[in-house]
Amino acid sequence: MVRLQLPDPAQRDTKYLASQERLVMMVRLHWAVLLPVFLQTLGAVLLALVANILFAAQDVDAGFITTLLWYFALFMILRMLWKVADWQFDHLMITDKRLLKVSGIFFRKVQTMPLSKITDLTYNRDPLGRLLGYGEFVVESAGQDQALSKIQFLPRPDRLYLTLVDMTFGGAPSPAGDD
């Protein structure tokens, strides 16, 4: 049996790290980023299906309209598959020196921000993010507009936030112990 296996992004994108840089954490954006595309695709397929059933039940010759709707549904399915593949290749890397966001399938885009330039880190979670387990970071640097100013749909945002704050501003609190 032949098995198709995508390359591990950790191995594929270590080429973007400097020689003295150490990878601390790498995450893919949360699957909730795909929810709008999935719902749009589902809506297009349901629209084509309902229109097909209604026109067939009323004996209306609407072959052109139903064909057009099914082509639109096919387009939406292909678009969703592309977005899923794109999501598979996009991820955020935190090293001991900088923050990297790698994206793109054919044309790779690498956005970076040195950890030393981060002056403020805001962490947001809306109610849906709390329910599904994602959050958003707003990263500010010293008076500059950065490529990574807003990072949305981060999974396990509590853990990521603590890791990033510890590396950026130093010294996480020591675990509580017995006195």
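The structure before us is a predicted model, in which local features need pLDDT of at least 70, side-chain atom pairs count only at pLDDT 80 or more, and totals for chains, interfaces and linings use all residues. Residues are numbered from 1 along each chain as its sequence is written, and side-chain values use heavy atoms, with hydrogens and water left out.

Let me begin with the overall layout. The protein has 5 helices and 7 strands; helices (H or I, at least four residues) and strands (E, at least two) are DSSP runs, numbered from the N terminus. Along the sequence they follow the pattern α-β-α-α-β-β-β-β-α-β-β-α. Among contacts with a separation of 6 or more, 56% join residues 24 or more positions apart. Of the 179 residues, 34% are buried, that is, under 20% relative accessible area with a 1.4 Å probe and protein chains only.

I turn now to the annotated segments. UniProt, in an unreviewed entry, places the feature "transmembrane region" at residues 31-56 and 62-82; its positions are given in the numbering used here, feature names are shortened, and annotations may be inferred rather than shown by experiment. In the model, residues 31-56 are 85% helix and 0% strand, with end C-alpha atoms 37 Å apart. For residues 62-82 the figures are 95% helix and 0% strand, with the ends 30 Å apart.

Helix α3 covers residues 63-89. Its 27 residues reach 39 Å from first C-alpha to last, close to the expected 39 Å, where the expected span is 1.5 Å times one less than the number of residues. Buried positions in α3 are T66, L69, A73, M76, M80, W87 and F89.

Next, the sheet. Three strands form an open, antiparallel sheet in the order β5-β6-β7, where two strands pair if DSSP finds at least two bridges between them. Because β5 (118-124) and β7 (150-155) stand at the edges with a single partner strand each, one side of each has no neighbour in the sheet. The twist averages 25° from one strand to the next; axes are lines fitted to C-alpha atoms, for helices over the stretch in contact, and angles run from 0 to 180 degrees between N-to-C directions.

Strand β6 (residues 134-141) pairs with β7 over 4 bridges, and F137 has I151 in β7 as its bridge partner. Finally, which helix lies across β5, β6 and β7? That is α5, residues 157-169, which runs at about 165° to β5.

How values were computed. Contact means heavy atoms within 4.5 Å. Buried means under 20% relative accessible area, exposed over 50%, partly exposed in between (1.4 Å probe, protein chains only).
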